[in-house]
Amino acid sequence: MKIAILGFGTVGSGVAEVLDTNKALITQRAGEEIEVKYVLDLRDFPGQKIQEKIVHDYDVIADDPEIKVVVEVMGGVEPANTFVKRALLAGKSVVTSNKALVAKCGADLLKTAREKKVNFLFEASVGGGIPILRALGVSLTADEIEEITGILNGTTNYMMTKMFYEGADYRTVLKEAQQNGYAEADPTADVEGYDACRKIAILASIISGKQVDFEDIYTEGITKVTSEDMKYAKAMGMTIKLLAKCIYRDGKISAGVAPCLLPAEHPLYSVNDVFNAVFVRGNMLGDAMFYGSGAGKLPTASAVVSDVIAAVKNPDKDIMNFWSEEKQPLVAWKDTKKRFLVRVKGDWPEKDGEVRKVFGGDVVFVETEERLGECGFVTPVMTEEAYQEKAETFDGILHMIRIEED
């Protein structure tokens, strides 16, 4: 079976390495040998074995009838979308790790794959090396998935872990993450939550069977989380994680990405460092969690190659078509309910009366080990809209973090 790889960066080179290292095992499991015939890249790789397969013109791949599977690991929406669409229309299956492409164009590409009876597979686009999509698409098809909550970005999880256990501030841990290769020079997609947003949009689309647009999902990153927030978390017996969550009930989806306080008994509490995890709740299964390397060259490449094997074993058959082009309505973020930890200027108990007057008599104040020149309190359960309305009438709010309790 001849395949082509679009892009020979971190993941693309990893795919070639996995295919070479585990060649005998992959041949056995695929039922035939898988050979990389072409690698599309703008660069040349003189002196490297891969150079003999490098091409610079996509037409070579698109027009070659021997190529049955195209692996897209270029990243970005264009030209990836154009290349993938053309491959599908030519009757070639496509495997990708490109979350931006799947989140933006997934419904259209899935429709094309369905019409041409080929596969468009993207296991690595959400959990890296964690096999979450195949689990949802195959293993849990008897369940209605009611909730998915995930730590879906290794960079931010690394940073939150450092801030919690070492007391470091945001800027310090960001610099360290960049030095260690966990964060890009421009970390915006990670730290502002955009990466996690695209991933939860894909998961929400899968469990609802309809298109969930990532632009419609409330997204808040970690840039405003401070070492003081972590001190309150410790005082409460909690930690802070960037969570991506969707809830599917009565045909409606609510979804959001934001830093949240997690209690110690929550399954995601102990997911630290660069690891990712996805917590799933099914109406028959109950609770389950998928944990592992959410990124990295070889873990991601492993998931990509698994999809390649699936495509090779299932020619002329669409094995996992996840969602339609019909748009899935979202519950308005302002209507979702939770408790909030609020930090305000001034010491307790001086602020007690003012706080209770605005946020209700059953707020609970939180005391940290050291005096910070401020005080914190936990609100009763209320909607996002109700919290914002109250916050606008209260002077001196320093920061707010939502509390995840389900």
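Analyst: Let's start with a term we'll need: two strands count as paired if DSSP finds at least two bridges between them. Keep in mind too that this is a predicted model.

User: Fine. What makes E11 and E12 a pair?

Analyst: Strand E12 covers residues 286-293, and E11 is joined to E12 by eight bridges. Pairing takes at least two bridges, so these strands qualify, and their sense is antiparallel. Within the pair, Val-278 sits opposite Phe-290 in E12. The link from E11 to E12 is a hairpin of three residues.

User: Which other strand is joined to E11, and how do you know that they pair?

Analyst: That's strand E7, residues 145-151, which runs antiparallel to E11 with six bridges between them.

User: Why is E11 called largely enclosed?

Analyst: Strand E11 spans residues 275-282, and six of its eight residues are buried, so the rest of the structure largely encloses it.

User: How many residues of E15 are buried, and which way do they point?

Analyst: E15 is residues 374-378, and five of its five residues are buried. Glu-374, Gly-376 and Val-378 point one way, while Cys-375 and Phe-377 point the other way.

User: What are the partners of E15?

Analyst: One is E13, which pairs with E15 in the antiparallel sense over five bridges.

User: What makes Val-70 buried or exposed?

Analyst: Its relative accessible area is 1%. Buried means under 20%, so Val-70 is buried. Val-70 belongs to strand E4, residues 67-72.

User: Which residues does Val-70 touch?

Analyst: Setting aside residues up to four places away in sequence, Val-70 touches Ala-4, Leu-6, Ile-61, Ala-87, Lys-92, Ser-93, Val-94 and Val-95. Take Val-95: it is 25 residues from Val-70 along the chain, and their C-alpha atoms are separated by 6.3 Å.

User: How many residues does the largest nonpolar core have, and which have the most contacts inside it?

Analyst: There are 120 residues in it, and Ile-61, Phe-120 and Ile-148 have the most contacts inside. Leaving out neighbours within four places in sequence, the contacts of Phe-120 include Val-84, Leu-88, Val-102 and Leu-110. Another core of 15 residues lies apart from the largest one, with Phe-365, Cys-375, Met-382 and Phe-394 among its members.

User: Why is the contact of Lys-245 with Glu-404 called a salt bridge?

Analyst: The closest N and O atoms of Lys-245 and Glu-404 are 2.6 Å apart. The limit is 4 Å between a side-chain nitrogen of Lys or Arg and a carboxyl oxygen of Asp or Glu, so the pair passes. Lys-245 is in strand E9 (residues 238-249) and Glu-404 is in the segment after strand E17 (397-403), so this pair ties together parts 159 residues apart in sequence.

User: Are Lys-245 and Glu-404 buried or exposed?

Analyst: Lys-245 has 13% relative accessibility, so with the cut-off at under 20% it counts as buried. Glu-404 is buried too, at 8%. Salt bridges with shared partners join Glu-147, Lys-245, Arg-281, Asp-287 and Glu-404 into one network. Within it, the closest N and O atoms of Asp-287 and Arg-281 are 2.8 Å apart.

User: What does the salt bridge of Asp-216 with Lys-327 tie together?

Analyst: The closest N and O atoms in that salt bridge are 3.0 Å apart. Asp-216 lies in the loop between helix H11 (194-208) and strand E8 (218-219), and Lys-327 in the loop between H13 and strand E13 (337-345), so the pair ties together parts that are 111 residues apart in sequence.

User: Why is Asp-216 called partly exposed?

Analyst: Its relative accessibility is 40%. Buried needs under 20% and exposed needs over 50%, so Asp-216 falls in between. Lys-327, at 47%, counts as partly exposed as well.

Methods
Residues numbered from 1 in each chain as written. Predicted model: local features only at pLDDT ≥ 70, side-chain atom pairs only at ≥ 80, totals over all residues. Heavy atoms only, no water. Helix = DSSP H or I, 4+ residues; strand = E, 2+ residues; numbered from the N terminus. Buried < 20%, exposed > 50% of the residue type's maximum accessible area, 1.4 Å probe, protein only. Core = buried A, V, L, I, M, F, W, Y, C linked by side-chain atoms within 4.5 Å. Contact = heavy atoms within 4.5 Å.
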